[in-house]
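Hi,

Here is the structure I said I would pass on. Have a look at it first, and then read on for what turned up.

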Amino acid sequence: MSNPVFITGPEIKALLTYEDLIPVVERSLVTYSNWKSQFHQPLREKVFTSNNGILATMPCYNAPDAALACKLVTVFPGNNDLPSHQGIVTLFDPNNGSLQALLDAEEITCIRTAAASAVASRRLLCIKRSAFAKAAHQRVMSLPRRHIKGKKITVTMATTQQQHGTPPFISGQEIKGLLSYEDLIPTVERSLITYSTKKSEFCQPMRTKVDSGSTGLLLTMPCYSAPDSALACKLVTVFPGNTDLSSHQGIVTLFDPNNGSLQALLDAEEITCIRTAAASAVASRHLAHPQSRTLALLGSGAQAFSHFEAIATLFAIECIRVHSRNPERRAALVEKIMLSAKFKPDVMKVEDCESAKAAVDQADIVCTVTSSRDPVLRADWLPRLCHVNAVGACRPDQRELDESVTSAAFLVADSRESASSESGDVIVNKATVHAELGELIAHPERFREARASRGGLTVFKSLGLGIEDAATARLVWDLRMKE
């Protein structure tokens, strides 16, 4: 992902006039009230911090305006040197989900609010003596920080971004250079424990989905974690029909939890990839046999490679078996693993397997990281003592695991709530989640009997948590600031 365009408040003012904006706002108001099928706008989500701050997310898709966007606003009433309200608007391409621009939310909010008041004033001339019409007219004609010059409103005061600088963008390549799994795995483990056992120390709503017509989705995942000093929101677009671009694209916005200022923007694809693998490594440490030596990877994308690196950080892996339906991608993954710094040619070997059954034969740890809608793994292929990290199926209509796997295994999820509402491996298979991973780590004694009764097969169902994204983004930022 390249460095995104950031449009500051002064640039917005230079580009936009109320002559242009008022008709646009009027159309959006008409759409909202009369054409419900032409837009999708969930209620705003709010994340609360321990010092009475708020991070609010306001995603929307508007078909008549061909607009897919999300406004992120922080509200910190106790601020002295900074405004109490700060934020950013992220604008995505509604055709492919790519991030088009980032805009100063303060200026966007100010001018669109005034434009809405102008529309109301124009439409309410018949009752212009009423208090509402007067207030609306005064709102437009007497805006703070502005003065009237002819028919256009110009601005004389600098915005927050102008005063404090454009937030840095941390690319995927820079994240890779800053972050090691040795640093990340303990951070993700702590966030999983926080999620399951310390409910008062974080705030994380369920992810919000905005439907962009029939082409894709925009997902918002805001979170505050006190133990990680992290306030962040991940914005991800999912456009399965993309060919030249990735089907999943996005950005993580990291805010200062003390005052709500935007600290950094991070490549969401890399954050997601590494924190997902780190969570699987944590699960493997607590569920797999400590002497695990054989790793099977079903899938050949970025997650397959990151899972090799993360698990090889914790286990003395000697054999890596790779399978996917695409032989060329399978061979490319084998080569990439052999070139990795984690690969030790004197003690490791990589096998290119033509079937999933052959790949998992005698495997100690299996990672399913596919995009398959149908099961790719059966219980009768697996050794009795085996651990499975099931990562790929993240929709109710997707499954990677046959029902025989989930019915036989001691099943652990990162979140019961997410697994029961988002995972076909759980919903379609009518599987029972025996524990959340954070619960298991914090209180293993509670689950010994249930685990022993399942015969040795364990499964970690990973859906991904906003708290993992927030903690990872904060760690990247802290490491960057140390350099």
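A residue is called buried here when its relative accessible area is under 20%. By that cut-off, Tyr195 and Phe202 are both buried. Keep in mind that this is a predicted model.

On confidence: the mean pLDDT for the protein is 89, and 91% of the residues reach at least 70. The stretch to treat with care is residues 125-164, where pLDDT stays under 50. The model still has 68 contacts beyond four places in sequence for those residues.

Now the rings. The count of aromatic pairs comes to 3. One of them joins Tyr195 and Phe202, with 5.4 Å from centre to centre and 40° between the planes, a tilted arrangement. Another is Phe305 with Phe308: their centres are 6.4 Å apart and their planes sit at 45°, so this pair is tilted too. Phe305 and Phe308 both belong to helix H9 and are 3 residues apart, which means about one helical turn separates them. Phe305 has 12% relative accessibility and therefore counts as buried; Phe308, at 0%, counts as buried as well.

H9 (residues 302-314) also packs against another helix. How do the axes of H7 and H9 cross? They come within 10 Å and cross at roughly 85°, H7 being residues 181-197. That angle lies between 65 and 115 degrees, so H7 is roughly perpendicular to H9. On the H7 side the contact uses Tyr181, Glu182 and Ile185, and on the H9 side Ser306, Glu309, Ala310, Thr313 and Leu314. By type, the contact residues are 4 nonpolar, 2 polar and 2 charged.

Cheers

Terms used. Residues numbered from 1 in each chain as written. Predicted model: local features only at pLDDT ≥ 70, side-chain atom pairs only at ≥ 80, totals over all residues. Heavy atoms only, no water. Axes fitted to C-alpha atoms, helices over the stretch in contact; angles between N-to-C directions. Helix = DSSP H or I, 4+ residues; strand = E, 2+ residues; numbered from the N terminus. Parallel < 35°, antiparallel > 145°, perpendicular 65-115°, else oblique. Contact = heavy atoms within 4.5 Å. Nonpolar A, V, L, I, M, F, W, Y, C, P; charged D, E, K, R; others polar. pLDDT = per-residue confidence, 0-100. Phe/Tyr/Trp six-rings, centres within 6.5 Å; stacked < 30°, edge-to-face > 60°. Buried < 20%, exposed > 50% of the residue type's maximum accessible area, 1.4 Å probe, protein only.
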